[in-house]
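Subject: Model handover

Hello,

Here is the model for you to look through. My notes follow below it.

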Amino acid sequence: ILADHTQIHQVIMNLCTNAWHAMKDNGGILKVTLQDIETQPDSLIVCPELNYGRYLMLSIEDRGHGVAPEMIERIFDPYFTTKDKDKGTGLGLSVVHGIVTKYKGCITVKSKIGHGSTFTVYLPEFDVSYHEKPSEEEVCIGKNERILFVDDEQFQTQMGKELLEMIGYKVKTCNDSKKALSLFLSQPDSFDLIITDMIMPKMTGKTLAKKILEKRPDIPVLLCSGYSDDIDPEKILQTGIRQYLMKPIGMKELSLAVKNALKNN
């Protein structure tokens, strides 16, 4: 396929993390399969938005507790979640849906209470014989600047840490906004930049940024979100936040945002 590998990493990490949560109490088998398919009339009934052609089909199956039928239709909605409040905000599947749709694919789910769930992602194949080889993404390399990365979803901070360290930054992560504030206030000069998610339990990213900037008005803060209906980017920037980034965020976009924020500091 032709896609940003960081975003495909997000899709797989998210779906596998959800499968792990579903089997956390009683165990089970996580099954991941990938195969080539050619869409047929019956497959277009499941995903009517697909065109005829060749696709890669990624299936992630678990033997967990399953999803209730009345929840299936809402499972990709922003902020809808079956997790406890301290286990995440429910933006994960919404972000997955956004990534898959962006690449002209689709995602389906089949589930049965007590028997598990199967998420199936269809992404169009990219035929290199008919296209020029895509150029490598140019990313901006860091110089060991220290970043605090805050997001209540662990897979988001894990992926962000791996990505940023790969391009030359030192990264400390935190999955609790209040703990992140305490960490920063205890050593405010130990960080060169803050990256925070917007919607988190206990304290929003906007509030976290405000309290951080009260202590250190000079530190650059980047705010990320997977849902924009209630967010005015202009008002966000007026609070002192350097840049507002919409999830999903690609490697090039993130590296450029970090570089610009540090350069202008």
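This is a predicted model, in which local features need pLDDT of at least 70 and side-chain atom pairs count only at pLDDT 80 or more, while totals for chains, interfaces and linings use all residues. Residues are numbered from 1 along each chain as its sequence is written, and side-chain values use heavy atoms, with hydrogens and water left out.

Confidence

pLDDT is the predictor's confidence in each residue, from 0 to 100. Its average over the chain is 85, and 86% of the residues score at least 70. Helices (H or I, at least four residues) and strands (E, at least two) are DSSP runs, numbered from the N terminus. Among these elements, the lowest mean pLDDT, 60, belongs to helix α2 (residues 41-46), and the highest, 98, to strand β5 (residues 146-150). Over residues 130-136 pLDDT stays under 50, and the model has 4 contacts (heavy atoms within 4.5 Å) beyond four places in sequence for them. Residues 85-90 also stay under 50, with 16 such contacts. Where pLDDT is low, the predicted coordinates should not be read in detail.

Sheet

An open sheet is formed by 4 strands in the order β1-β2-β4-β3, with antiparallel pairing; two strands pair if DSSP finds at least two bridges between them. β1 (31-38) and β3 (106-112) are at the edges with a single partner strand each, so one side of each has no neighbour in the sheet. From one strand to the next the twist averages 20 degrees. The antiparallel pairing of β1 with strand β2 (residues 54-62) runs over 8 bridges, and I37 stands opposite Y55 in β2. Helix α1 (residues 5-23) lies across β1, β2, β3 and β4 (116-124), at about 25 degrees to β2.

Helix pairs

Axes are lines fitted to C-alpha atoms, for helices over the stretch in contact, and angles run from 0 to 180 degrees between N-to-C directions. Helix α5 (residues 154-166) packs against helix α9 (residues 251-263) at about 70 degrees, with the axes 11 Å apart. The two are therefore roughly perpendicular (65 to 115 degrees). In this contact, L163, L164 and M166 in α5 meet M251, L254 and V258 in α9.

Helix α6 (residues 177-186) and helix α7 (residues 205-215) pack at about 10 degrees, with axes 10 Å apart. That makes α6 roughly parallel to α7 (under 35 degrees). S177, A180, L181, F184 and L185 in α6 meet L208, K211, I212 and K215 in α7.

Regards

Note on methods: Angles under 35 degrees count as roughly parallel, over 145 as roughly antiparallel, 65 to 115 as roughly perpendicular and the rest as oblique.
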